[in-house]
Amino acid sequence: MTTDTGTDVFEEHRPVLLGVAYRMLGRVADAEDVVQEAWLRWSGADRGDVREPRAYLVRVTTRLAIDRLRQVKARNEAYIGPWLPEPYATDFGDAVPDTAEKAVLADSVSLAVLVVLESLSPLERAVFVLREAFGYPYAEIASMLDRGEAAVRQLAGRARRHVEERRPRYEVDPGRRRELTERFLAAAGEGDLEGLMELLAPDVRLVGDSGGKSRAPLRVLETADKVGRFVIGAAGKGVPDPSFRFMELNGGPALVVLSEGRPDSVFQLDVFDGRIQSVYIIRNPDKLLSLPVT
């Protein structure tokens with residue numbers, strides 16, 4: 001295998017590797033670092049015996065991500081306020097032609113699911129991502145992780161139950177979510193508390209991630225009254241020279257608020273039965289650096 005061919009093979013599989021690493025870590029920068037390290041391993045390896053490059057690269061990436069996850073878990077213990085994943089631009093387009101497969105990929109990268117995955121052990125998370133998001137057989141996952149197949153099945157079952165028990169209810173219909181996001185934005189901008197309350201479920205939750213580097217609630221807000229009043233108050237303060245852009249982030253529509261042309265915050269809503277169930281606000285400036293807004 002020549003160097004050029006080796007590079008071409010790696011680049012062909014890079015999107016999958018980045019998808020695995022991001023679902024494992026919830027951070028774009030960390031995922032890119034892991035993929036870069038996987039490239040260094042690949043470029044320096046004797047590839048003559050590699051029959052299935054994709055399986056080999058996913059194995060290397062997964063193991064590197066497990067090691068990185070163990071490191072960042074300690075870092076998160078000192079995080080100020082609620083933690084949310086770094087926004088991840090997703091547009092599967094024609095690369096994933098099957099609608100059902102798109103829905104699975106979108107769900108596995110959603111903010112709600114990634115937050116739940118944070119509570120899994122690194123091995124449970126790896127098994128869940130490889131099995132539920134990418135559909136790898138248990139035997140292949142066992143080989144990737146150097147575990148017995150029975151042990152991998154147990155890990156998968158435990159992880160799946162954990163996620164299903166804690167996964168918030170939400171609809172994946174992007175059109176419905178965007179419509180409610182636009183109405184949410186309009187009501188907040190007009191200071192229309194009554195109109196906003198009509199959109200919110202009674203037990204709605206607002207999760208704000210600032211990392212202590214910008215203004216956002218340092219605890220999760222619950223109930224429509226608390227969330228509505230906070231949103232109206234925050235919208236009234238505004239940001240300098242605001243502009244707004246809709247993007248597909250983490251498998252669904254999201255509102256990016258820009259201040260003087262730079263990302264200030266990301267809003268994303270979970271919707272169920274026609275009402276807003278969760279409001280996610282990401283304002284940690286470190287998590288907005290990779291947004292493709294230019």
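The pLDDT is the predictor's confidence in each residue, on a scale from 0 to 100. The structure above is a predicted model, and the exercises below begin with this score.

**Exercise 1. Confidence**

Determine what average pLDDT the chain has, and where confidence is lowest and highest.

*Solution.* The chain averages a pLDDT of 90. Of the residues, 94% score at least 70. Next, consider the individual elements. Confidence is lowest in helix H4, residues 99–108, with a mean of 68. It is highest in strand S2, residues 221–222, at 97. Where pLDDT is low, the predicted coordinates should not be read in detail.

**Exercise 2. Helices H2 and H3**

Classify the packing of helix H2 against helix H3 by angle, and state the hand of the crossing.

*Solution.* Helix H2 covers residues 28–44 and helix H3 covers residues 53–76. Their axes lie 9 Å apart, at an angle of about 135 degrees. Angles over 145 degrees count as roughly antiparallel, and 65 to 115 as roughly perpendicular. H2 and H3 are therefore oblique to each other. The crossing of H2 and H3 is right-handed.

**Exercise 3. Helices H3 and H7**

Repeat the classification for H3 and helix H7.

*Solution.* Helix H7 spans residues 138–145. The axes of H3 and H7 come within 9 Å and cross at roughly 60 degrees. Angles under 35 degrees count as roughly parallel, whereas the roughly perpendicular range is 65 to 115. H3 and H7 are therefore oblique to each other, and their crossing is right-handed.

**Exercise 4. The cavity**

State how many cavities of 30 Å³ or more are counted, and describe the lining of the largest cavity.

*Solution.* The count gives one cavity of 30 Å³ or more. The largest cavity holds about 40 Å³ of space. Its lining consists of Ala106, Asp107, Ser110, Tyr170, Val172, Arg177, Asn250 and Gly251. By class, three of these lining residues are nonpolar, three are polar and two are charged.

Terms used. Residues numbered from 1 in each chain as written. Predicted model: local features only at pLDDT ≥ 70, side-chain atom pairs only at ≥ 80, totals over all residues. Heavy atoms only, no water. 1 Å grid on protein atoms, 1.4 Å probe; cavity = no way out; pocket = protein on both sides within 12 Å on 5 of 7 lines; lining within 4 Å. Points joined across faces, edges and corners; volume = space filled by probe spheres on them. Nonpolar A, V, L, I, M, F, W, Y, C, P; charged D, E, K, R; others polar. Helix = DSSP H or I, 4+ residues; strand = E, 2+ residues; numbered from the N terminus. Axes fitted to C-alpha atoms, helices over the stretch in contact; angles between N-to-C directions. Left-handed = near helix turned anticlockwise from the far one by under 90°.
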